[in-house]
Amino acid sequence: MTAPREMYLEIRNLHVYYGNIHALHGVNVDVGKGEIVCVVGVNGAGKSTLMWAIAGVLPIAQGAVLLNGARLPAAPHEIVNLGISLVPERRRLFSALSVRENLIMGAMRRKDKEGIESDMERCFSLYPVLKERLSQRAGTLSGGEQQMLAISRALMSRPMALLLDEPSLGLAPLVVESLFATILKIRDEGVTILLVEQNALQALEISDRGYVLQTGEIATSAPSAELIENPLIRKAYLGEDA
Ligand SMILES: Nc1ncnc2c1ncn2[C@@H]1O[C@H](COP(=O)(O)OP(=O)(O)OP(=O)(O)O)[C@@H](O)[C@H]1O
Ligand SMILES: [Mg+2]
């Protein structure tokens with residue numbers, strides 16, 4: 001699986017704009033090797049903006065994203081080459097292509113044919129249904145299967161860190177539960193995870209530490225087990241009375 005490479009991701013004082021809309025106001029997040037870190041926040045808080053900025057898709061106006069102390073390059077493909085791979089919100093699969101073709105696209109920048117085949121097998125051991133659907137068009141898969149494929153496609157670049165943008169979106173609670181169980185497995189196989197979610201409870205349940213993002217700023221951060229117990233968090237994000 002993943003070679004034991006160093007991995008410490010630091011998001012430092014990150015500011016991102018859309019034109020004159022100031023979407024992120026000095027966000028700080030740390031992700032250590034082997035952790036699952038979640039960033040929870042409501043609709044429009046800036047979660048996807050954070051992910052796109054780390055992945056190099058959106059320009060950083062101020063601040064930086066550091067990997068082992070060095071600034072990430074600006075180009076998205078170079079960031080993938082360094083071992084950071086994004087699973088975007090709403091999956092963004094190649095819907096007219098087959099499951100197999102989508103997986104191959106994820107390995108596009110790799111030349112090691114044998115490694116690619118063995119990583120494909122690794123995806124099938126995580127998600128056996130994908131093997132049954134290999135020649136089926138991605139657009140015809142169920143929502144849960146599409147998310148499995150999106151995660152698998154990202155794994156095909158052999159990342160040391162996965163950025164997961166709202167993997168639970170549009171999925172039934174039971175499907176989310178089994179999908180999140182595979183996120184734990186992926187971490188246990190050595191891949192560090194940064195997860196952003198509106199689905200705060202389930203994200204906090206599987207993560208080690210959590211950050212709460214509110215209108216582009218980190219409002220609070222703590223071990224996830226503490227955040228789950230925090231009455232203000234329960235009221236704001238878990239729909240409970242304080
Ligand atoms: N392309 C864009 N142009 C202008 N403003 C944008 C653009 N994309 C996002 N925004 C704004 O930036 C803010 C953060 O949006 P973002 O999509 O990062 O939120 P989010 O937390 O991912 O929300 P959701 O949970 O709905 O996915 C919002 O106010 C949004 O309206
Ligand atoms: Mg989003």
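**Exercise 1. By class, how many nonpolar, polar and charged residues does the shell around ligand 1 have?**

Solution. This is a predicted model.
- Step 1: sort the shell by class. It has five nonpolar, six polar and three charged residues.
- Step 2: pick out the nearest residues. Of the 14 residues around ligand 1, Gly44, Lys47, Thr49, Glu89 and Gln198 come nearest.
- Step 3: ask where the shell comes from. Strand S2 (21-32) and H1 each supply at least two of its residues. The largest share, three residues, comes from H1.

**Exercise 2. Find polar atoms that lie close to oxygen atoms of ligand 1, then state how much of the ligand the protein covers.**

Solution. 
- Step 1: look at the backbone. A backbone N or O atom of glycine 44 lies 2.8 Å from an oxygen atom of ligand 1. For alanine 45, a polar backbone atom is 3.2 Å from an oxygen atom of the ligand.
- Step 2: look at a side chain. Glutamate 89 places a polar side-chain atom 2.8 Å from an oxygen atom of ligand 1.
- Step 3: take the cover. On its own, ligand 1 has 630 Å² of accessible area, and the protein covers 62% of it.

**Exercise 3. Describe the salt bridge between arginine 158 and aspartate 119, and say whether each partner is buried or partly exposed.**

Solution. 
- Step 1: take the distance. The closest N and O atoms are 2.8 Å apart.
- Step 2: Arginine 158 is in the loop between helix H6 (143-155) and strand S7 (161-165), while aspartate 119 is in helix H4 (residues 113-126). The pair links distant parts of the chain, 39 residues apart.
- Step 3: compare accessibility. Arginine 158 is partly exposed at 29%. Aspartate 119 is buried at 3%.

**Exercise 4. How many salt bridges does the structure hold?**

Solution. 
- Step 1: The structure holds 12.
- Step 2: Salt bridges link Glu10, Arg12 and Asp30.
- Step 3: Aspartate 188 bridges to arginine 187, with the closest N and O atoms 3.1 Å apart. Aspartate 188 is exposed at 60%, whereas arginine 187 is buried at 17%.

Note on methods:
Residues are numbered from 1 along each chain as its sequence is written. Chains are lettered from A and ligands numbered from 1 in the order in which they are written. This is a predicted model: local features need pLDDT of at least 70, side-chain atom pairs count only at pLDDT 80 or more; totals for chains, interfaces and linings use all residues. Side-chain values use heavy atoms; hydrogens and water are left out. A residue is near a molecule or strand if one of its heavy atoms lies within 4 Å of it. A polar contact is a pair of N or O atoms within 3.5 Å; within protein, one must be able to donate a hydrogen and the other to accept it, and residues adjacent in sequence count only if both atoms are side-chain atoms. Accessible areas come from the Shrake-Rupley method with a 1.4 Å probe; for residues, only the protein chains shown count as cover. Helices (H or I, at least four residues) and strands (E, at least two) are DSSP runs, numbered from the N terminus. Ala, Val, Leu, Ile, Met, Phe, Trp, Tyr, Cys and Pro count as nonpolar, Asp, Glu, Lys and Arg as charged, and the others, Gly among them, as polar. A salt bridge is a side-chain nitrogen of Lys or Arg within 4 Å of a carboxyl oxygen of Asp or Glu. Buried means under 20% relative accessible area, exposed over 50%, partly exposed in between (1.4 Å probe, protein chains only).
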